[in-house]
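Please read these notes with the model open beside them. They are numbered, and each point takes up one topic.

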Amino acid sequence: MQLSSKTASKTLPGESNPVVNPQLEKHEEGGSEELMACTVAPNFSPAQERKLWRRIDLRLLPMLTLMYLFSSMDRGNIGNAKLDGLTTQLSLTGNKYNIALVLWGLVMMLMGFVKTWVRRPWLTRADQRFAATLNWSALTHWYPRFMYQYRFALFCGSATLAGAFSGLLAFAINFMSGDGGFQGWSWIFIIEGLATIVVGFIAFFVMVDYPSTATFLTAEEREFVIHRQRQEAANNDEHHVARQVRAAFTDWQVWALSVVQISAMVPLYGITYFLPTIINNFGYSTSISQLLTIPPYAMATVVLFTFAYYSDKLRLRSPFVFAGQIIALIGFVINISDASTGAKYFGTHLCVIGSFAAPPATITWLANNLGGKYKRAVGMAVQIGVGNLGGAVACNIFRTQDSPRYILGHGLAIMFLGIGLVAVPLTVLTYKRINAQRDRAELQDPVQAISKASSHDADSEGKEREAEFVGDREAGFRYTI
């Protein structure tokens, strides 16, 4: 099927109600492909559009958030279990606890490379759906470019709240120690693990995958969501799979923002795994220490949502990454010093707030700037995988022999944050230079620049696809700062 180039129309950034959509869209469901020809895009009023996005939010985000909440609690509750007898009963003396955390961190790192349904005979379909829907890149299939971060923050905010809930539950579960012959740390894993299984079972029946298969939307609404998402997204070329994969591994920005990600994740994992122990070393009892972990995570959730809202509103990412790392840096500097207990407890708030505020913005930043469906998926997998490697690093820097000040752990957290504070401005300057070059090229030869950014007829598109993959190197593409 051929489409005349005369029907193609170039949509300016920010336009939300296009009239013509001549592209032949492809949507994947499992291993099959469904072709949808959308010749006329629906025309929604701003009020109708807001109502539509609210419906989508209410259908997707609550269950995604709930699943990620319990998943995060399962990952982070080992820090609470440590205070409730884990190290004593299992004789985790010396650095044995740190070694256990290394294995924990390696599992988290490998999870970063999961970007589709896990098709293995020993996993149930519910497990497959869980692996797919919790993939951050799934949100990029639903929302336009500058609606990512706030939704992702709602998603990630559940991980921040998990720290607060873990502390509260650990405080309550500690009173069950001895029941059924299990100590308190065992009940933490049993109860929170069972809750995760129940939530995962419910999710199997209520979750949806892609806009093209969303039965809760009308056909017109599905067309609008698909068109709007692709209108503002980076180039979504579904061809050149091998070239896109290669482009992801050789693109400077993937590795630059992976450095930024790990610079934030080492402090995040460090404070997550050891916050109960750090507070306990301030001289508080086990129960009080569990309760005192709640306020830092509650404050971090508020800051995370605030950062995300203004990041999408201003269409900026780097200032919020930088601000988060500065906040965390101040917190770790306070805790490495010989300050009073009250000042250090205040510092733990800054450590948690900054560490949890920066990573979502970093992931969204890269997602906005990678063109090509497969390049974006692989690039984000690399970034998340490198970031999760920070878990293996953080497990070994807060050693028992370094308590109560943990100079090595706090010092290395400060070092990684310093690396990030250097990498962020360098990345911004590089993006600005490339954008300026493309602006100058467009001013010098606007006709050629527009023709490169516009749609072409099917024959010319086919020839270009055979020639090379362009993606975010397209002349009309501008990187998000």
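1. Aromatic pairs. The count comes to 17 aromatic pairs, where rings of Phe, Tyr and Trp (its six-membered ring) pair if their centres lie within 6.5 Å. One of them is formed by Phe44 and Phe224, and it is stacked, with 4.6 Å centre to centre and 15° between the planes. Planes under 30 degrees apart count as stacked, over 60 as edge-to-face and the rest as tilted. Phe44 lies in the loop between strand 2 (32-37) and helix 1 (46-89), and Phe224 lies in helix 6 (residues 219-232), so the pair ties together parts that are 180 residues apart in sequence. Both Phe44 and Phe224 are buried; buried means under 20% relative accessible area, exposed over 50%, and partly exposed in between (1.4 Å probe, protein chains only). Elsewhere, Trp252, Trp365, Tyr431, Phe477 and Tyr479 form one aromatic cluster.

2. Basis of the values. This is a predicted model, in which local features need pLDDT of at least 70 and side-chain atom pairs count only at pLDDT 80 or more, while totals for chains, interfaces and linings use all residues. Residues are numbered from 1 along each chain as its sequence is written, and side-chain values use heavy atoms, with hydrogens and water left out.

3. The chain as a whole. The secondary structure comes to 16 helices and 2 strands; helices (H or I, at least four residues) and strands (E, at least two) are DSSP runs, numbered from the N terminus. Of the 481 residues in the chain, 52% are buried. Contact means heavy atoms within 4.5 Å, and residues 24 or more positions apart account for 79% of the contacts with a separation of 6 or more. The accessible surface comes to about 21,200 Å², of which 64% belongs to carbon and sulfur atoms. The areas come from the Shrake-Rupley method with a 1.4 Å probe; for residues, only the protein chains shown count as cover.

4. Salt bridges. How many salt bridges are there? The count comes to 8, a salt bridge being a side-chain nitrogen of Lys or Arg within 4 Å of a carboxyl oxygen of Asp or Glu. In one of these, Asp251 pairs with Lys375, and the closest N and O atoms are 2.7 Å apart. This pair links distant parts of the chain, with Asp251 in the loop between helix 7 (241-250) and helix 8 (252-280) and Lys375 in helix 13, 124 residues apart. Asp251 counts as buried because its relative accessibility is 9%, and Lys375 is buried too, at 4%.

5. Asp472 is in the segment after helix 16 (458-467) and Lys375 in helix 13, so the pair ties together parts that are 97 residues apart in sequence. Asp472 is buried, with a relative accessible area of 1%. Salt bridges that share partners join Asp251, Lys375 and Asp472 into one network.

6. The side chains of Asp312 and Arg317 meet in a salt bridge of 2.9 Å, N to O. Asp312 is buried at 9% relative accessibility, and Arg317 is buried at 0%. Arg315 is found in the loop between helix 10 (294-314) and helix 11 (318-336). Its phi is near 60°, a positive value in a residue other than glycine. Arg315 is partly exposed, with a relative accessible area of 37%.

7. The loop between helix 13 and helix 14. Asp402 lies in the loop between helix 13 (373-394) and helix 14 (407-444) and is buried at 17% relative accessibility. Leaving aside its neighbours within four places in sequence, Asp402 is in contact with Ile397, Ile407 and Leu408. Pro404 has its place in this loop, and a cis peptide bond with omega of about 5° joins Ser403 and Pro404. Tyr406 is buried, with a relative accessible area of 4%.

8. Cysteines. The count comes to 0 disulfides, a disulfide being a pair of cysteine sulfur atoms within 2.5 Å. Cys351 is buried, with a relative accessible area of 0%, and Cys395 is buried at 0%.
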